Amino acid sequence: GRDAAERGADRAHVMLRRELPIDTRSPVRVRWGEGHRAKLPLPEEVSSMLDFELPTELQALRERARALAAEGVAEFGAHTDSWINGYSKEFSKRLSTEGWIGMTWPTEFGGGGQSNLARIIMGEEMISVGAPIAASWFADRQMGPALINYGTPDQQAEFLPGMLSGESTWCIGMSEPDAGSDLANLKTSAIRDGDVFVVNGQKIWTSFAATSDYIYLICRTTTDGPPHKGVSEVIVPMDLPGIEVRPIKDMTTNQHFCEVFFTDVRVPVENLVGDEGAAFKQTMTQLEHERGGIDRLVSNKPLYLRALAAADTDDPLVRQEIAALETGYRLGRILVYREVLKQAPAGFSAATKCFCTEHQQRVANFAARTLGMEAVTDSLATHAFAYNPAYTIMGGTSNVMRNILGERVLGLPREPRV
């Protein structure tokens, strides 16, 4: 259970200091100051270790989130990758009651006005034990902020309340059969016909399309100009005529992925979000939110906690591997914190996603070796192992992330275009 896993983690902290050479003379100490930004310490505060102590209110939030997450797991079961696999509208309504949907949104839009760090802390506690938060995660993470930044007052008044209450579920229509990581190559069209857009095309890997009330559709409203021009974002109610949803059962037996087909679907023009034909930058902003979040680091933490409790810590090689994984969690958390505190350069979420998702694959490999036969007889473990290859694919492949990092962040020469 979690108690045993936490005892294992405590041992791992000691092992980390035992196994890794640490220069205790390094006079570095960091505290989260007002606004949760790191500040330089006063001379009398300097010690020989890094101290990422959180303010009292965030520590209290962590404890409350941990308690509610445990309740959610007890009632609805544990899920690896619970932000995408753990669907429970009832539990999302409990999150709403706590004020944990839209907790970072401005108060004038009904949000909590809290820091991005607060949301990360809450999300980490939920996902780390597998609490089912998927019904509200996408809207909270992406669609709500998009409507706040680019939507009209009418759109905000119509759609934000349902997101905040946990009543409405949203999916996002990005990937297509011939346009996965290459989003600028999308073909789904939305052509004006009077006061409506007529939508035709296909989306794939659309999580929760079968249960969503709305799809936030990335589509093409014109073919004039270079590929990234002419991209628009449109809110499409999923009950409109002409929409067909086909669930995709993956090898874990999950069916949250779907194909979505649009045949002459007529969508009111007032559902356009932002500028027509100029939404590519809007979409890239959404991907920054998607790629640099805590969900990319702790998706299979429930599996890790189970393996940690079962690990043979008398074996020095096992201790070294645990120490390396514990280090990976800490480094990944720092990268995520940098993203949400806006301390990372533009585009650096690509590096955060690469590191965090590859760390999750190392976690899965460790768990497979540790759990032995349980890895193929326990349903939670089996699902987690089968899902493992997806981490470095969904949200943009690691190869694409490295290209983004090289070209846009480091300024290296562009990869030759064929």
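**Salt bridges in a predicted model**

Reader: Hi! Let's start with Arg94: is Arg94 buried, partly exposed or exposed?
Author: Arg94 counts as partly exposed, because its relative accessibility is 24%. Keep in mind that this is a predicted model.

Reader: Thanks! Which residue forms a salt bridge with Arg94?
Author: That's Glu75, and the closest N and O atoms of the two are 2.7 Å apart. Glu75 sits in helix 2 (residues 56–76) and Arg94 in helix 4 (residues 89–98), so the bridge ties together parts that are 19 residues apart in sequence. Glu75 is partly exposed as well, at 45% relative accessibility.

Reader: How many salt bridges does the structure hold?
Author: There are 19.

Reader: Okay, new one: where are Glu276 and Arg192?
Author: Glu276 is in the loop between strand 10 (272–273) and helix 8 (280–291), while Arg192 is in strand 4 (residues 189–193). Their side chains meet in a salt bridge, 2.9 Å from N to O, and the pair links distant parts of the chain, 84 residues apart.

Reader: And what about Arg330 and Glu326, how far apart are they in helix 11?
Author: They are four residues apart in helix 11 (residues 316–340), which means about one helical turn separates them.

Reader: Is Glu326 buried or exposed?
Author: Glu326 is buried, with a relative accessible area of 5%.

Methods: Residues are numbered from 1 along each chain as its sequence is written. This is a predicted model: local features need pLDDT of at least 70, side-chain atom pairs count only at pLDDT 80 or more; totals for chains, interfaces and linings use all residues. Side-chain values use heavy atoms; hydrogens and water are left out. A salt bridge is a side-chain nitrogen of Lys or Arg within 4 Å of a carboxyl oxygen of Asp or Glu. Helices (H or I, at least four residues) and strands (E, at least two) are DSSP runs, numbered from the N terminus. Buried means under 20% relative accessible area, exposed over 50%, partly exposed in between (1.4 Å probe, protein chains only).
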